[in-house]
Amino acid sequence: RGPDLLLAVDCIYDEAAVAPLLSSLCRLGAGDSGSSAERRVETVVAVDESYRRPAALALFMASLEERGLRAEPVAEGALHPDIRRESVRIYRLVGLATAA
């Protein structure tokens with residue numbers, strides 16, 4: 001059995017790392033069996049805009065679209081007050097399991 005949750009934090013800061021990161025997320029998102037029809041893995045990406053490079057995030061988002069995926073922003077109000085930060089953006093990746 002594969003993971004129930006993938007959490008990528010502070011991983012989007014270098015353009016050269018975008019493709020390997022996205023490949024890993026897609027592979028893990030399909031679960032151990034590799035069958036996307038069996039289950040979905042909740043995948044969340046957190047980006048601190050005070051540390052990242054804008055070009056790396058733009059490349060990551062474009063690469064998602066190329067794979068038929070999208071990043072849904074998690075509303076700040078849905079977060080616990082202790083983890084809310086003005087510079088932090090949290091995204092839920094949609095369609096990850098079906099794209100692997």
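Predicted model: local features only at pLDDT ≥ 70, side-chain atom pairs only at ≥ 80, totals over all residues.
Q: OK, so which residues is Ser63 in contact with, leaving aside its neighbours within four places in sequence?
A: With those neighbours set aside, Ser63 is in contact with Val18 and Leu22. Ser63 itself is found in helix α2, where helices are DSSP runs of H or I with at least four residues, strands are runs of E with at least two, and both are numbered from the N terminus.

Q: And is Ser63 buried or exposed?
A: Ser63 is buried, with a relative accessible area of 13%; buried means under 20% relative accessible area, exposed over 50% and partly exposed in between, using a 1.4 Å probe and protein chains only.

Q: How do α1 and α2 pack, in terms of angle and distance?
A: Helix α1 (residues 15-29) and helix α2 (residues 54-66) pack at an angle of about 35°, and their axes are 9 Å apart. The axes are lines fitted to C-alpha atoms over the stretch in contact, and angles run from 0 to 180 degrees between N-to-C directions.

Q: Which residues meet there?
A: From α1 there are Glu15, Val18, Leu21, Leu22 and Leu25, and they meet Ala55, Ala56, Leu59, Phe60, Ser63 and Leu64 in α2.

Q: Switching topic, which residues have the most contacts inside the largest nonpolar core?
A: That core has 18 residues, and Ile12, Leu25, Val45 and Phe60 are those with the most contacts inside it; a nonpolar core is a set of buried Ala, Val, Leu, Ile, Met, Phe, Trp, Tyr and Cys residues joined through side-chain atoms within 4.5 Å. Helix α1 gives the most to this core, with five residues.

Q: What about Val45, which partners does it have beyond four places in sequence?
A: Val45 is in contact with Ala8, Ile12, Leu25, Phe60, Arg89, Ile90, Tyr91 and Leu93, leaving aside its neighbours within four places in sequence.

Q: Where is Leu7, and is it buried or exposed?
A: Leu7 lies in strand β1 and counts as exposed, at 56% relative accessibility. The C-alpha atoms of Leu7 and Val45 are separated by 5.9 Å, although these residues are 38 residues apart along the chain.

Technical notes. Residues numbered from 1 in each chain as written. Heavy atoms only, no water. Contact = heavy atoms within 4.5 Å.
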